[in-house]
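Subject: Structure handover, aromatic contacts

Dear colleague,

Here is the structure we discussed. My notes on its aromatic rings follow below it.

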Amino acid sequence: MNAVAKGGWYALALVALTNAMSLLDRQILAILAPAIKKDLAIGDAEMGLLYGTVFALFYALFSLPVGRLADGWVRTRLLGISIAFWSAATALGGLAGSFATLALSRLGVGIGEAATQPAGTSLIYDYWPKPRRGFVMAVLASAIALGLGGSLVLGGVAAQAWTERYAGTVAPFGLKGWQFAFLVASAPGFVLALFLLRLREPERGVMDGLPTAPDPRPFAASLELLGSVLPGLHWIGMIRRGGDRGTVLRNLAGLAAIVALMVVLTRVSMAVSPRPPFVIAGLAINPHALQWTVIGFGVFVIVNLVQGMRLSDPQAHRVITRSPTLIMAIAVGTLQSAINYGMMAFNPTFLIQSYGLSMRETALQFGMVSAGMGIVGPMLWGPLSDRLHRRYPGGGRAGVALFAMAVSPLLSFWVYTAPAAGTFYGRFVLYGLVLTGWMPPLYAILYDQVLPRMRGLTASLYLLAMTILGMGIGPYLVGLLSDATGNLRASMLSINAVAVPIVVLMLLIARRAARDEAALLERAGSA
């Protein structure tokens, strides 16, 4: 079946807008960072923690139950409810007057946005046939870029306009410019939620020739999955599902290793860049300890998920864990996300500090350039990866992703050493065009490795790893090095070192992808 289902274009537009709104509400923190740092008296490491770690933990954790829910419930309803929730959490950021309240807002945005990729991808794959999914992922990637650029434009312009309008006077409700920007950013989500709630739910699996019956208990299965990964509760679930003593002991050994590693990383971080504690609910908390505690919690959740899947869904466990291509694709996406989020979190600050630009200038100029390249790039790379995949099933898509991930880090050194803002933007056009080539083909490779009923779970597993280890570490690491050295440019460029293992893994994926996809039904049937 190669025809797009009825309503497929409309559904793609709504899901793309959901992705755009997700990135807008997520990324608006980047352009507002200088003003927030000044008003809340925090440093780059704390901003990296807000931008990545606090958001990442809850985004990743809740992607698991909502991903499972997306595999069994009405995905249109799930998306509509989710976007309304995270829009309300974004609005809470407009009322934040402390680090703790802003952290609570980011926590809520993370919970709400957790459904975007699992439910959205699963929904669209039941509207669009397999040969055109590179194009579909290109559209979704372009929407992400639109949201990223829009967050800079809307956030920067709204914040500076409000600040200038009430300069020297008390603004309504005492709102700062950055608080007003959060309120403005939250409004469109409530409208989009209404359209999503009215979208038709397609029949699951038909596009792949694998019609899938409705799940009779999607909410119970979702809650069971959440309970199976939450530290503490997961031991009860592990025993109830038939886990033996060896399974429990291996889990405890994994926990001990994670705790030991997080303690070491906390001490190293404190030695590199000592930071004063901040107070939440009367407790003085070291930001480095909070960072690595959150990362350790997330890593332990990944361990629990994989062990729990083996007990509760052995078919999914075998399909996922026995595909080297899928595991390597998750690793590649995680490492690339560390680069992308590490750079994106500080791009506005870098431009303001390095070239003396105002917030409005940075918002309009960089927002338009990054959005333009983010839209044009995937729309070129996605269809190209589909065409190459038809001609070279073994490595067509992987070759496109490899080119983008290998060349873009080299270009970044040329871009971020530009002598003037105009030169920076001119160079960024080529850099952005190349960089955007990785996501459409890699995601198409990833989801072709599993059965239709497992796409939500696979998306959640990928998001968990990518968010905790990519988004959770990338921005924090750049901020940590910036605080320690006082050199933001060098700190941003240093994150590109992870491109080396990315290239190695992509070469291996190019050799294995077709073989592992061909063995999908064999992996599923032998469970």
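Which residues do ring pairs link into a cluster? The members are F350, Y355, F366, Y416, F424, Y425, F428 and Y431. Please keep in mind that this is a predicted model.

Across the whole structure, the search gives 22 aromatic pairs. One of them is F350 with F424, a tilted pair with 6.0 Å from centre to centre and 45° between the planes.

A second pair to look at is Y443 with Y462. Its geometry is edge-to-face, with the centres of Y443 and Y462 5.3 Å apart and 80° between their planes. Y443 is in helix 18 (residues 439–447) and Y462 in helix 19 (residues 455–471), so this pair ties together parts that lie 19 residues apart in sequence. Y443 is buried, as is Y462.

There are also charged groups over rings. R26 is placed over the face of Y59, 4.9 Å from the ring centre. R165 has its charged end over the ring of Y166, at 4.7 Å from the centre of that ring.

Regards

How values were computed:
Residues are numbered from 1 along each chain as its sequence is written. This is a predicted model: local features need pLDDT of at least 70, side-chain atom pairs count only at pLDDT 80 or more; totals for chains, interfaces and linings use all residues. Side-chain values use heavy atoms; hydrogens and water are left out. Rings of Phe, Tyr and Trp (its six-membered ring) pair if their centres lie within 6.5 Å; planes under 30 degrees apart count as stacked, over 60 as edge-to-face and the rest as tilted. Helices (H or I, at least four residues) and strands (E, at least two) are DSSP runs, numbered from the N terminus. Buried means under 20% relative accessible area, exposed over 50%, partly exposed in between (1.4 Å probe, protein chains only). A charge sits over a ring if NZ of Lys or CZ of Arg is within 6 Å of the ring centre and within 35 degrees of the ring normal.
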